[in-house]
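Student: I have a model open and want to learn how to read its features. Can we go through them one at a time?

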Amino acid sequence: MPIHSSVLELIGQTPIVKAQRLDAGVCELYLKLESANPGGSIKDRIGLSMIEAAEKRGDLKPGATLVEGTAGNTGLGLALVAQQKGYKLILVVPDKMSREKIFNLKAMGAEVRLTRSDVAKGHPEYYQDLAKTIAEQTPGAYFVNQFGNPDNPAAHEFGTGPEILEQMDGDLDAIVFGCGSSGTMTGLSRAFATLSPKTELVLADPVGSILAEYINDGVLNDKSGSWLVEGIGEDFLPSISDFSRVKKAYAITDAESFHTARELLGKEGILGGSSTGTLLAAALKYCKEQSTPKKVLVLVCDTGNKYLSKMYNDYWMLDNGFLERPQHGDLRDLILRPYGQRDTVVIGPNDLLTTAYQRMKLYDVSQLPVMDGEELVGIVDESDVLLHVYGDEARFRDPVATAMVSKLDRLDVKSPIEALLPVFDRGQVAIVMDGNVFLGLITRIDLLNYLRRRVQ
């Protein structure tokens, strides 16, 4: 393979894998790994297309500032290209974006401004409207405007679409995609209209978005819901959108999206993101509805590396009600990390306080049960460590037993939920016991999550 002079030369020409273990009925299912782009998603294509087209028009001067609102991977694609070309970049992102994406953006030099994800278009804090305002108020800024920029669908009309057909030897019966800015859908639609009119266009849409209802029923709802899948789904029709050739859409729940993405990893070894789960779930539904064999392609929009703290994290899935545990009808139902399953992060009395500190940081917990064998002998939390080492940092090497609290208030597992409130009011965590057996801890956020799940 040739040696490249820039990472931007690696954008596109992504591989296609034929699924072997997913149940696609009578169909053949193909997975196009847009996750193999250098920025990890299909949006690298439009990042390059929109910036280079602006350069050709003379809209960008050296060192210019780019501004964009993004709910998904467009920001990462823009950040990659802006970094390589020497542009400044301000991104406005809704606060549901995964931590991994935000860390990635900042590491590439982008300025990230978080805004609300619970407001609709027209609200001043809606991410697209806020980005436009920032661009207007920033001297010399260029508003990329993926939702109204024709260079967005052009990347797929003249790039992705022909590339797919070449890889498939011109034989493709259906393609499944999502819609955020609508660039992928619009560009692919135009490409296939010319190059492969027989290819059916299938939209995968999160439940809560208005697009599936618009495609299937012709109803344009002005009220959208909310969803946790990132990067796809809309509460309006982008100005660059062309839905004319899309005849079928599937509305997919967050739960089905996340579980299907995890199934893709478990069966095919492909680590896809949350929107990939939505697209794959729709593709599998489509395939199972077919009575004659068809070649169906689905886009693996981005890599799941950006979602390790979310849908690939069992605790996050449990917190949000996407994984189920056996229900007992007592306080065990509120314990996120049961000790009996070895999920509880613990420490020993003879371990060093520096070990306790590192363990709290690693697992993002504020307190650790201190276990001597199978016996609970104490609790050590951040305050205990701080008070012990303040003024003499060498005490980090003292054993945990010197700082832990050994006089513990314990709750029997059969206690009512109301019994947690006095414990929290004292600034403590609830220690749940079944006789002499330690079952686990309950924190304030565990109770909040439990109460929220009850109204879902």
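This is a predicted model: local features need pLDDT of at least 70, side-chain atom pairs count only at pLDDT 80 or more; totals for chains, interfaces and linings use all residues.

Student: Which strand is joined to β15, and by how many bridges?

Tutor: Strand β14, residues 430-434, is joined to β15 by 5 bridges, and the two run antiparallel. Two strands pair if DSSP finds at least two bridges between them. Strands (E, at least two residues) and helices (H or I, at least four) are DSSP runs, numbered from the N terminus.

Student: What is the strand order of the sheet that holds them?

Tutor: The order is β13-β14-β15, in an open sheet of 3 strands with mixed pairing. At the edges lie β13 (410-412) and β15 (437-442), each pairing on one side only. From one strand to the next, the twist averages 35 degrees. Such angles run from 0 to 180 degrees between N-to-C directions; the axes are lines fitted to C-alpha atoms, for helices over the stretch in contact.

Student: Which sheet has parallel pairing?

Tutor: The open sheet of 4 strands in the order β5-β4-β3-β6 has parallel pairing. Its edge strands are β5 (111-115) and β6 (141-143), and each pairs on one side only. Neighbouring strands are turned by 20 degrees against each other on average, direction ignored. Within this sheet, 5 bridges join β4 (residues 88-94) to β5 in parallel. V93 has L114 in β5 as its bridge partner.

Student: Now the helices. How do I describe a packed pair?

Tutor: Two packed helices are described by the angle between their axes and the distance between the axes. Take α1 (residues 43-57) and α5 (residues 151-167): their axes come within 8 Å and cross at roughly 125 degrees. α1 and α5 are therefore oblique to each other. Angles under 35 degrees count as roughly parallel, over 145 as roughly antiparallel, 65 to 115 as roughly perpendicular and the rest as oblique.

Student: Is the crossing of α1 and α5 left-handed or right-handed?

Tutor: Right-handed. A crossing is right-handed if the near helix is turned clockwise from the far one by less than a right angle, and left-handed if anticlockwise.

Student: At what angle do α1 and α2 pack?

Tutor: About 50 degrees, with the axes of α1 and α2 (residues 74-85) 7 Å apart. α1 and α2 are therefore oblique, and α1 passes α2 in a right-handed crossing.

Student: How many cavities are there?

Tutor: Rolling a probe the size of a water molecule over the atoms shows where empty space is left. A cavity is a set of points, on a 1 Å grid over the protein atoms alone, where a 1.4 Å probe fits but cannot get out; lining residues have an atom within 4 Å of a point. The count here is 1 cavity of 30 Å³ or more. About 40 Å³ of space lies in the largest cavity. Its lining includes L228, F258 and W316.

How values were computed
Residues are numbered from 1 along each chain as its sequence is written. Side-chain values use heavy atoms; hydrogens and water are left out. On a 1 Å grid over the protein atoms alone, a cavity is a set of points where a 1.4 Å probe fits but cannot get out, and a pocket is an open set with protein on both sides within 12 Å along at least five of seven lines; lining residues have an atom within 4 Å of a point. Grid points are joined across faces, edges and corners, and a volume is the space filled by probe spheres set on the points.
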